[in-house]
Amino acid sequence: MEEDTVAATTPPIKTMDKVDLVDGKSSNDKVDGSANAQVSTTPEVKEVLIKDPLQNPDSGGGVQGAGDSVAVPCSTKSSPSQSTTDVKKQDNFVIFHCVSYLGAAIIKEPRCETEIQKIMGFLNEQSSDKVMTVSVSVDIHADGFVIVCEEDNQLELSRFKINQIIFFARGSSGTSASACFAFTSSHGESYEEAFFQCHAFRCDVPEAVTHVFTSFARAFDSTKKQIENKIEAQENFVFEVSLEIKEDDGKGHYGPAPRDKGFFKIRSGIPKQIWLTIYQLPDSARELNVERCFGLLLSPGRHVRNSDMQLVETISWSIGSTNYGRRSYVVGGIWDTNDPAFEPLNQETSKDSGVFLTVAVDLVIKGIQEPIRFALENKARIYPSTERFWMLGRKYHFTQQFEITLKKIDANTPKNGNSYQVISTRALGEVDKSKVNFNLNFTSFIRSSSIGSLDLDTPTKDDEESDDDEPLQSGMGEISKDCTDEQISAWSEIVTNWTLGTARPKQLTPLVKAGIPDTIRGEMWLRLADCQDDSVLFETYKTLLGKECENEEVILRDITRTFPANDYFKESGGKGQEQLHRISKGYAVYDTEVGYCQGISFIGAALLLQMPEEQAFCLLVKIMYNYQFRDLYRDGFDNLHLKLHQLDRLIEEQIPELWAHFQELAIESHMYASQWFLTLFTAKFPLVFVFRVIDVFLLDGTKTLFQVALALLAAARKDLLVLDFEGVLKYFRVSLPKKFKTAEAAHSLIRMATQIKVKKLKKYEAEYVLAKEQEKNYVDPLTRLQRENKKLMEDMIRYESTITNLVLSKTAAEEAAIALDEELIRTKNTLKEVEDFNSRLKEETNSVKELFQREMKQYDIESEKKSNIIADYKRTCSNLSSQLEQAQKDTRERNKFFQSNLCPACAHFVSVAINIAGGNKNSETGSPSEQYSPSHEPPTLSTDETIKMLENELAKTKIALAEAECRNDDLSHRLSISQNELEAIRTNSSGSTWLWKNLSFTKDKDHKKISQSSSNPVSMDDCSSISNSSNGSTGNANMNYSSGKK
């Protein structure tokens, strides 16, 4: 077992000693059949951890519900007889006997189940036969306890508050620790000091661990319900009320009465005023709006009844704001000391005793029906009317916090527009501002010996009479041009030997701290800043003046308010104001990041009094950049805040009594030092003092700011310690600058300032950076706990909403499943119908295929027959053509022979004979009636007639051939159409049965037509008629042939 997992293992007896438990409340994350039950600390827990760390564990709060007392043996051995004890007197618990206590160990992560399992396994392995046998009693309610007693005599060893138990776990099954269980709890006097222990136990009967787990889970579940019922819709708001008593000083003014050791020190018979300051702390997310003060009340004594409180006259009611943006309310009233009701407060008391007084204020808050009363009980000592009070670091305020618990009224039943009901108002006790805000230990302060002698002389009566309440105007004072011989001699050597580009002479530092003569101050400033010959910056300045500046209006407005007491800048539109305007504008254009700020014009005016305009601009740039003075104006003045923090730490270390006084009066450094730093002390102090500050600043740099500030505070320490808040601020604004009108006072203070050591600036800077980082990451504990509680409640609501949505989704899913089942059945039926239809389509497709195959086969046969006929026609025509040509040739030869060899008579005879022979031949084809008719005479045909007859026959044959070819083309066209239709029908599975029937019928019909047209060619009679229409000419026959082919 690693050491970081189990920090320490304590013997059982020592571990089980009674300890102070931290009271708190918890809620379980999960209570079901899982192996572990966890209790998560809620915001209310930690609040109670802080406020009530020592609650008596014997006083269980809340109402216990009904339950059964069950005794469960955790061992197979017979348990010893048990006597009646306090434990057994309860009715709402489950007790487990014969449990072995293994020990306890410190645990760093009390909710880490893995670490708890390791501790259980380790303690179980290390246990021996001499382990302590105990009985464990577990209450069924979160208000109860887990009580561990000795098994033999039932002597209580220790008890643990159930809502203080953080985590419960049982051993992993299948391991040696399967019969073990453990829980973690917190111990300590406060939440910050709390540490966590893991207590381990073992049962001899492994099944008993399940009963233990069930009991813890039951108790944790009760915790959760209690917290949910308690939270409801309640909100807590904390107000802080400060009381101040003022007495008449005899001059018509009222001064605060001091408060020492918890007592107000007041004088009898002196008119008094009561002032209360009320504001809400930023712990709660929402701010309550106080509409008015209903009344201011006062009464002697404490625990005063409301009817005994006396109403005082209210003289003031005002509303302001706090540093963190919340409203603050100030109410004042007159305490009439002559009122008989206040007679006990006018009777003088001894120095060791005092009287109680109660001051109350009734406030009307928006949204709350009844007024809220804050009652402050305090003690006072009554002194004679002639008594004079004097003490350092005195307090004037009594501050107390009040917590208001409000319950939100149901929006459906508003009461006169009020949305909240007051549940309770309770006082949280007095608040010590110095300890809460600063946590100072005045005994640890180390006072610097160099600061002790920096007291200014008390002003004389003439000085007081000559001074009024008006502050000095900037730029006031005369500068002496006189120099002693020693100064002239020393500075002449410096000017002569200190050339451009060389290091500073060793004797320069003491001379500058003693004061630069005014006649050479400008030259020395330029040399100290290393800008006496910066020609580039000179030219840049001339260029900048020609550019536009977005801060022009602001610069013009501030010019008239810069050094108004100095003659050089007094005249409006004069040379001094013009030069200051150009310098301010030039720098604003040059440094676009910083631009123009009011403090820059004061520094520029001081420089212009010592050097020309161009050199003043160059020196201003060097101061801003080389001396990092511009950082004070950048990033939201963050560097200024750093320097103010460093100044605070220096004051706390070197002037502790003044620091304590400032904390008592709530005086912060930014109220007086921010103007000092931003203007380099040029805005309020006389010129003789301003020039001396710039002398040292250009020599030593930024640390001069802290040295001068500390010197001023130390010099004014005596005066500041006797002033109140308003007096201190007025002193810084009016009186302090007037102390340094003379050169001697200024030289003395600067001389002392240069002796102050400021060596811890880096350390304070690191503190500031760390504090800023912590502030960025800091969250108020109460706010954080409330935020966590809110997040847990939102998570719970979100989980409940998720569960509801899941239930609705389950219902919708079941309905959808039923609909899908029905749709599936319909789809199956549709699929079956489609499959049947598809099978029918396949059968019809097969029949169509067979039909088309027969048609194609028949068509091929007919085409072959027709091709044969056409071939026969062609052969016949070819033979006839050959015979005709041969006959014509023979006829021409015979005629030519007869004409050339026979006489005309013989030639005629031969021709007649030939015609007769031809007529006989033709007569063989005639009808029998024509052949044997006695009146018939055989016609005599000439050779030309015979040729014409043959030509007619040839024309008829060609016509028949052309018709056959046309029919063949038509059939081929119809066949291609039928094939395309068949292919389309094949691709369309949704084709209907009647389409196939019509298609088959159409094909049969077309087939019959083709067959009839093929079997009825053009008859010879038709060809004869066509031939006769051609008048027996060969040319007409050829024309008829061509027409028939088309």
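Which helix does Leu580 lie in? Leu580 sits in helix 13, residues 575-590, where helices are DSSP runs of H or I with at least four residues, strands are E runs of at least two, and both are numbered from the N terminus. Before going on, note that this is a predicted model, in which local features need pLDDT of at least 70, side-chain atom pairs count only at pLDDT 80 or more, and totals for chains, interfaces and linings use all residues. Residues are numbered from 1 along each chain as its sequence is written, and side-chain values use heavy atoms, with hydrogens and water left out.

Back to Leu580. Its relative accessibility is 0%, so Leu580 counts as buried (buried is under 20% relative accessible area, exposed over 50%, partly exposed in between, using a 1.4 Å probe and protein chains only). Leaving aside residues up to four places away in sequence, Leu580 touches Ile559, Thr562, Phe569, Ser601, Gly604, Ala605 and Leu608; contact here means heavy atoms within 4.5 Å. Take Thr562: Leu580 is 18 residues from Thr562 in sequence, and their C-alpha atoms are 9.1 Å apart.

Next, look at how helix 13 packs on helix 15. Their axes are 10 Å apart, at an angle of about 40 degrees. Axes are lines fitted to C-alpha atoms, for helices over the stretch in contact, and angles run from 0 to 180 degrees between N-to-C directions. That angle makes helix 13 oblique to helix 15 (under 35 degrees is roughly parallel, over 145 roughly antiparallel, 65 to 115 roughly perpendicular, and the rest oblique). On the helix 13 side the contact uses Gln579, Arg582, Ile583, Gly586, Tyr587 and Tyr590, and on the helix 15 side Glu613, Ala616, Phe617, Leu620, Val621, Met624 and Tyr625.

Helix 15 (residues 613-625) also meets helix 14 (residues 598-608), with axes that come within 9 Å and cross at roughly 135 degrees. Helix 14 is therefore oblique to helix 15, and their crossing is right-handed. Helix 14 brings Ile600, Ile603, Leu607 and Leu608 to this contact, while helix 15 brings Glu613, Ala616, Leu619, Leu620, Ile623 and Met624.

Now for the aromatics. The count comes to 36 aromatic pairs, taking rings of Phe, Tyr and Trp (its six-membered ring) with centres within 6.5 Å; planes under 30 degrees apart are stacked, over 60 edge-to-face, and the rest tilted. One of the pairs is Tyr672 with Trp676: the ring centres are 5.6 Å apart and the planes are at 65 degrees, so the pair is edge-to-face. Tyr672 is buried at 5% relative accessible area, and Trp676 is buried at 4%. Tyr672 also pairs with Phe732, with centres 4.4 Å apart and planes at 15 degrees, so this pair is stacked. Elsewhere, Tyr101, Phe160, Phe168, Phe181, Phe183, Phe201, Phe213 and Phe216 form one aromatic cluster.

Finally, zoom out. The protein has 31 helices and 23 strands, and 42% of its 1046 residues count as buried.

Note on methods: A crossing is left-handed if the near helix is turned anticlockwise from the far one by less than a right angle, and right-handed if clockwise.
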